[in-house]
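Subject: Structure handover

Hi,

Here is the structure I promised to pass on. Please open it next to this email and follow along.

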Amino acid sequence: MTGSLQPSSTQFGTFPTTTQSGVLIADDEALVSTPLRKMLSSQGYYVECVETGWDAARALATGRFELLVCDICMPGNTALDVLRTPEVQDMRIPVIVITGHPSVETAIDALRLAVVDYFVKPVSRERLLEGL
């Protein structure tokens, strides 16, 4: 997946253009999502953040996103539920999982659900950008 998303030079907060990649960050911890949003938007990505798996599914249904960066342990996402939704499965959107609670079970589930990368928090800027 490295290098497949292409950021644009437009400002964060504007609706993505055809050249701007949309990234959805689903994490209930602002201490994680806010720095990720700032880092990705400074690289030219259109970024939105949500705090629950339910909100992630609704946001993905809009079709504005080309990548989901998703926490495992948050409301509406026990056992990687959001990755099993039609919004993710039907669209075949790439997913990067980030977690502060890694386990062999969730890593295996993530592989079965075609997650493109699995990071343990805290995720360094360099590692995340390599995953894009």
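Below is what came out of going through it, from the overall fold down to single residues.

**Overall fold**
Please keep in mind that this is a predicted model. The protein chain has five helices and five strands. Read along the sequence, they follow the pattern β-α-β-α-β-α-β-α-β-α. The chain has 132 residues, and 44% of them count as buried. Take the contacts in the chain with a separation of 6 or more: 62% of them are between residues 24 or more positions apart.

**Helix H1**
Start with H1, which covers residues 30–42. The helix has 13 residues and spans 17 Å from its first C-alpha to its last. That is close to the 18 Å expected at 1.5 Å a residue. Which residues of H1 are buried? They are Val32, Ser33, Leu36, Met39, Leu40 and Ser41. These buried residues pack against strands S1 (22–26), S2, S3 and S4 (95–99), and also against helix H5. Just after H1 comes Gly44, with a positive phi of about 100°.

**Salt bridges**
Side chains of opposite charge can pair when their charged atoms come close. How many salt bridges does a search of the whole structure find? The search gives six.

- Arg64 and Glu48: their side chains meet in a salt bridge at 2.8 Å, N to O. Arg64 sits in the loop between helix H2 (53–60) and strand S3 (67–71), while Glu48 is in strand S2 (residues 46–50), so the pair ties together parts 16 residues apart in sequence. Arg64 has a relative accessible area of 23%, so it is partly exposed.
- Asp71 and Lys121: the closest N and O atoms of this salt bridge are 3.3 Å apart. The pair links distant parts of the chain, 50 residues apart. Asp71 is in strand S3, and Lys121 is in the loop between strand S5 (117–120) and helix H5 (125–131). Asp71 counts as buried because its relative accessibility is 2%. Lys121 also counts as buried, at 17%.
- Asp109 and Arg112: here the closest N and O atoms are 4.0 Å apart. Both residues are in helix H4 (residues 104–112), three residues apart, so about one helical turn separates them. Arg112 counts as exposed, at 66%.

Asp71 and Lys121 also belong to a network of salt bridges, in which they are linked with Asp27 and Glu29.

**Thr106**
Helix H4 also holds Thr106. Its relative accessible area is 13%, so Thr106 is buried. What does Thr106 touch, leaving out residues up to four places away in sequence? The answer is Ile72, Leu80 and Tyr118.

**Largest pocket**
The largest pocket has a volume of about 190 Å³. Its lining is made up of Leu83, Val88, Gln89, Arg92, Ile93, Pro94, Val95, Leu113, Ala114, Val115 and Val116. By type, nine of the lining residues are nonpolar, one is polar and one is charged.

Best wishes

Conventions
Residues are numbered from 1 along each chain as its sequence is written. This is a predicted model: local features need pLDDT of at least 70, side-chain atom pairs count only at pLDDT 80 or more; totals for chains, interfaces and linings use all residues. Side-chain values use heavy atoms; hydrogens and water are left out. On a 1 Å grid over the protein atoms alone, a cavity is a set of points where a 1.4 Å probe fits but cannot get out, and a pocket is an open set with protein on both sides within 12 Å along at least five of seven lines; lining residues have an atom within 4 Å of a point. Grid points are joined across faces, edges and corners, and a volume is the space filled by probe spheres set on the points. Ala, Val, Leu, Ile, Met, Phe, Trp, Tyr, Cys and Pro count as nonpolar, Asp, Glu, Lys and Arg as charged, and the others, Gly among them, as polar. Helices (H or I, at least four residues) and strands (E, at least two) are DSSP runs, numbered from the N terminus. Buried means under 20% relative accessible area, exposed over 50%, partly exposed in between (1.4 Å probe, protein chains only). The expected span of a helix is 1.5 Å times one less than its number of residues. Contact means heavy atoms within 4.5 Å.
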